[in-house]
Amino acid sequence: MDDGLLVTEVFSAIQGEGALVGRRQVFVRLTGCPYRCAYCDQPEALEKRAGPCLVEQTAGRRDFATVESPLPDAGIVDVVDRLWRALPHHSVSITGGEPLMQSRGLTRLLPLMAARGHRLYLETSGTLVDGLARVLPWIDHVSMDVKLTSVDGQRVDLDVHRRFLDLARARDTFVKIVVGPATDDDELAAAVAMVHAVAPDVTVFLQPVTPFAAVATAPTPEQVLRWQERALRAHADVRVVPQTHKMIDQR
């Protein structure tokens, strides 16, 4: 039965983080997240509940119409197709919130998108292993967080990330670690060591936190250089990329 998915917005934009930074994507932002990270810049997507959804009418123009969520699978595919056809897009970003909270619904939606020839990119907190197993057959790219308690305060078990990465590495996967002024050096080092042990060929992106809400400051350049230096001694491909979409005032 198609009960639809809880969606907060669908739009065309420039990917601002990680390995596909600068690429044009269609974003399908689902609602619901099990975490409440201090730096979260999508508070409207945290609660898994029905409500208004913004649907872009013209790719990149921010001319949103408001519809009610949940949205039927066919309706989501139609919106994605319309935006996709307007200009070349690299992929469809399934994001949130934490999209894997709706993994069972995604097992209906993703095959429909894949059948249309859309490459699928999953943005995830890197913790819901069972959800990833359900959707992985249709996923092409995985953007996976590794969360640091010293930064987000959520106390995510590193072994959960380990098991998630061990599964995700079957696809084109990279790891994103948000770093802030209070980042614990040893905690970051342990996270990088875990990534290297599980998937030595993946790229690790250190993403300096963008001040928002409760987060007032970003880490200093000296801190970021020190963290990257230490990380590079343990893992060959560690890059520093901030949230570039914030620099151009893009959602």
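Leaving aside its neighbours within four places in sequence, which residues is Gln42 in contact with? The legend of the first view gives the reply.

The model is predicted, so that local features need pLDDT of at least 70 and side-chain atom pairs count only at pLDDT 80 or more, while totals for chains, interfaces and linings use all residues. Residues are numbered from 1 along each chain as its sequence is written, and side-chain values use heavy atoms, with hydrogens and water left out.

View 1. Gln42 is placed in the loop between S2 and strand S3 (51-56); helices (H or I, at least four residues) and strands (E, at least two) are DSSP runs, numbered from the N terminus. Gln42 counts as buried because its relative accessibility is 11%, where buried means under 20% relative accessible area, exposed over 50% and partly exposed in between (1.4 Å probe, protein chains only). Apart from neighbours within four places in sequence, Gln42 is in contact (heavy atoms within 4.5 Å) with Glu9, Arg29 and Gly96.

**View 2. Helix H2 and its cover.** Helix H2 (residues 103-115) has 13 residues and spans 18 Å from its first C-alpha to its last, close to the 18 Å expected at 1.5 Å a residue; the expected span is 1.5 Å times one less than the number of residues. At Leu109, H2 bends by about 30°, and Pro111 follows within four residues; the bend is the angle between axes fitted to the seven residues ending there and the seven starting there. Ser103, Gly105, Leu106, Leu109, Leu110 and Met113 are the buried residues of H2. Their cover includes helix H1 (73-86), helix H3 (129-135) and strand S5 (91-95). Just after H2, Gly117 takes a positive phi of about 90°.

**View 3. Thr124 in strand S6.** Thr124 lies in strand S6 and is buried, because its relative accessible area is 5%. The side chain of Thr124 reaches the backbone nitrogen of Gly126 at 3.1 Å. Residues up to four places away in sequence not counted, Thr124 touches Glu98, Leu100, Val142, Ser143, Met144, Asp145 and Phe164.

**View 4. Gly22 in a loop.** The loop between strand S1 (7-14) and S2 holds Gly22, which counts as exposed because its relative accessibility is 53%. Gly22 and His245 are 223 residues apart in sequence, yet 8.6 Å apart in space, C-alpha to C-alpha. Gly22 touches Ile14 and Gln15, not counting residues up to four places away in sequence.

How values were computed: Polar contact = N/O pair within 3.5 Å; in protein donor to acceptor, adjacent residues only side chain to side chain.
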